[in-house]
Amino acid sequence: MPGDRLRRILAELSDGESMWPAARLCAVGSQLTGMKGAGVMLMSDDLPRGSLCSSDEVSQLIEELQYTLGEGPCVDAYQRDTIVSEPDLADPQTRRWFAFTPPVLQAGVGAVFGFPLRVGTVRLGALDLYRDRPGELSSDQHADALVLAEVTARWVLDAQAGAPSGVVAEQLEAGADFHFAVHNAAGIVSVQEGISVTDALIRLRAFAYSHDRMLDDVAQDVIARRLRLG
């Protein structure tokens, strides 16, 4: 019944529209899979680039922490190109995400799941789902999430296809958080320290983590010349 599942999901997403907004991917995705929340993170070169959408405040926190810390279900799903499942975040079989786990547990997350976004060999990021209690996904939830991840990946490619080269499509930017301040700050640190932009971003993340701050806040201080690393 893969075709029936796809048609059902597309019907829920489109609601009569030919091109729906990115926020609907997360809102409907959460409802379709019976999860508490959903988020989509876009990535490239093994680094998070930002959140395309999140369905609620906890999902937004999950996306923000993954971007700041560089770890979590989306990061692993993208880098390993495989589904990542943590059905009991408080008592996992294999402990991981040592910086990410405590704050999301405090926010009420019981389980998290990551599904890579890919079209053929092209990897774009990952979809993450969370629930507020421990538990595995059912077979239907798992199948729905797989189809939703594929639909999301194709939506991203279709949206970006109409944009000029080097420009992020308006449909991707609307409601998204691509952390432009962080990328600007990384450029500044790169020049100041004579290092690559990737290394500068790693420095920014390390500083944010060691000072228990969000990455965007650190970036704003760098841009305003209130902070210089090194």
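In this predicted model, the largest nonpolar core holds 35 residues, and those with the most contacts inside it are Val104, Val109, Leu204, Leu215 and Val222. A second, separate core of 32 residues includes Ala22, Val28, Val119 and Leu129. In soluble globular proteins, nonpolar side chains tend to be buried together.

**The largest core**
- Two or more residues of this core are given by each of β1 (37-44), α3 (57-69), α4 (73-80), β5 (122-131), α8 (180-193), α9 (197-210) and α10 (215-223).
- Among these elements, α8 supplies the largest share, which amounts to six residues.
- Leu215, when its neighbours within four places in sequence are left aside, is in contact with Tyr67, Thr68, Val182, Leu201, Leu204, Arg205 and Ala208.

**Packing of α2 and α6**
- The axes of helix α2 (residues 22-33) and helix α6 (residues 139-161) come within 10 Å and cross at roughly 170 degrees; because angles over 145 degrees count as roughly antiparallel, α2 and α6 are therefore described as roughly antiparallel to each other.
- On the α2 side the contact is made by Ala22, Leu25, Gly29, Leu32 and Thr33, while α6 contributes Gln141, Asp144, Ala145, Leu148, Thr152 and Trp155.
- Sorted by class, the contact of α2 with α6 comprises six nonpolar, four polar and one charged residues.

**Helix α6 itself**
- With 23 residues, α6 reaches 33 Å from its first C-alpha to its last, which is close to the 33 Å expected at 1.5 Å a residue.
- The buried residues of α6 include Gln141, Asp144, Ala145, Leu148, Thr152 and Trp155, and these residues also take part in the contact with α2.
- Val147, Ala149, Val151, Ala153, Val156 and Ala159 of α6 are buried as well.

Conventions
Residues numbered from 1 in each chain as written. Predicted model: local features only at pLDDT ≥ 70, side-chain atom pairs only at ≥ 80, totals over all residues. Heavy atoms only, no water. Axes fitted to C-alpha atoms, helices over the stretch in contact; angles between N-to-C directions. Helix = DSSP H or I, 4+ residues; strand = E, 2+ residues; numbered from the N terminus. Parallel < 35°, antiparallel > 145°, perpendicular 65-115°, else oblique. Contact = heavy atoms within 4.5 Å. Nonpolar A, V, L, I, M, F, W, Y, C, P; charged D, E, K, R; others polar. Core = buried A, V, L, I, M, F, W, Y, C linked by side-chain atoms within 4.5 Å. Buried < 20%, exposed > 50% of the residue type's maximum accessible area, 1.4 Å probe, protein only. Expected span 1.5 Å × (residues − 1).
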